[in-house]
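Here is a short briefing on a two-chain model. Keep the sequence and the coordinates open while reading.

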Amino acid sequence: MSNTVFTTDELEMPCPECKGKGEIVSHGKSTSCTKCEGKGVIMTGLGQTLLHFVKKHL
Amino acid sequence: MGQASDGNDFFVIKAEENGVNVIGLTRGSDTRFHHSEKLDMGEVMIAQFTEHTSAVKVRGKATIQTKHGEVKSD
């Protein structure tokens, strides 16, 4: 059985809307990014699978 | 198979370079990114629009096939 190593890239990606910042600045005002809900990242299927597994068994 | 016409049509995305991102957007009043999938060159993803996903954004060089035809993204 081979070992699998995950990189962060495989678990989440920077939000393309806010470029990973979690907030959008317009007219000098900063607002939370609505596309990623301010997280700055979007989870991948693998990331969601891992998170659900950890939550289930924690 | 391949003859779906009940609203559950599937589409195919083939990555033409490493690091192509397929991003799912939520159905409903607020359009959020709820899922992303990274494809490396040559990887294929077959997907459907669902109760949760009403739109898909593809970033990177890929070939996308739908019932409407084929389109290439850069």
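How much area do chain A and chain B bury between them? About 1,100 Å², with 56% of it on carbon and sulfur atoms. The model is predicted. The points below cover the interface, the salt bridges, the nonpolar cores and one hairpin.

**Interface of chain A and chain B**

- The size of an interface is often given as the accessible area lost when the parts come together.
- In residue terms, 13 residues of chain A are in contact with 13 residues of chain B.
- Polar contacts join 7 residue pairs across the interface, both partners at pLDDT 80 or more.
- The salt-bridge count between the two chains is 1.

**Salt bridges**

- The count over all chains is 3 salt bridges.
- B:Arg32 bridges to A:Glu37, with the closest N and O atoms 3.5 Å apart.
- This pair crosses between chains. B:Arg32 sits in the loop between S2 and strand S3 (33–39) of chain B. A:Glu37 sits in the loop between strand S3 (29–32) and strand S4 (41–43) of chain A.
- B:Arg32 also meets B:Asp30 in a salt bridge, at 3.2 Å from N to O.
- Together, A:Glu37, B:Asp30 and B:Arg32 are linked in a network of salt bridges.
- How exposed are these network residues? B:Arg32 counts as partly exposed, at 21% relative accessibility. A:Glu37 is partly exposed at 46%, and B:Asp30 is partly exposed at 41%.
- Elsewhere, the side chains of B:Lys67 and B:Asp9 form a salt bridge of 3.1 Å, N to O.
- That pair links distant parts of chain B, 58 residues apart. B:Lys67 lies in the loop between S6 and strand S7 (69–73), and B:Asp9 lies in the segment before S1.
- B:Lys67 counts as exposed, because its relative accessibility is 59% and the cut-off is over 50%. B:Asp9 counts as buried, because its value is 18% and the cut-off is under 20%.

**Nonpolar cores**

- The largest nonpolar core has 10 residues, among them B:Phe11, B:Ile13, B:Val22, B:Leu39, B:Met45 and B:Ile64.
- Four elements of chain B give two or more residues to this core: strand S1 (10–15), strand S2 (20–26), strand S4 (44–48) and strand S6 (62–66).
- S1(B) gives the largest share, 3 residues.
- Which residues does B:Val22 touch, leaving out those up to four places away in sequence? They are B:Ile13, B:His35, B:Ser36, B:Glu37, B:Leu39, B:Met45, B:Val56 and B:Lys57.
- A second, separate core has 9 residues, including A:Met13, A:Cys15, B:Ile23 and B:Phe33.

**Strand pairing and hairpin in chain B**

- In which sense do S2(B) and S3(B) pair? They pair in the antiparallel sense, over 6 bridges.
- Within this pairing, B:Leu25 stands opposite B:Phe33 in S3(B).
- The hairpin of S2(B) and S3(B) has 6 residues between the strands. In this hairpin, B:Gly28 takes a positive phi near 125°.
- In a regular strand the side chains alternate between the two faces of the sheet.

Methods:
Residues are numbered from 1 along each chain as its sequence is written. Chains are lettered from A and ligands numbered from 1 in the order in which they are written. This is a predicted model: local features need pLDDT of at least 70, side-chain atom pairs count only at pLDDT 80 or more; totals for chains, interfaces and linings use all residues. Side-chain values use heavy atoms; hydrogens and water are left out. A nonpolar core is a set of buried Ala, Val, Leu, Ile, Met, Phe, Trp, Tyr and Cys residues joined through side-chain atoms within 4.5 Å. Buried means under 20% relative accessible area, exposed over 50%, partly exposed in between (1.4 Å probe, protein chains only). Contact means heavy atoms within 4.5 Å. A salt bridge is a side-chain nitrogen of Lys or Arg within 4 Å of a carboxyl oxygen of Asp or Glu. Two strands pair if DSSP finds at least two bridges between them. Buried area is the accessible area (1.4 Å probe) that two parts lose on being put together, summed over both. A polar contact is a pair of N or O atoms within 3.5 Å; within protein, one must be able to donate a hydrogen and the other to accept it, and residues adjacent in sequence count only if both atoms are side-chain atoms.
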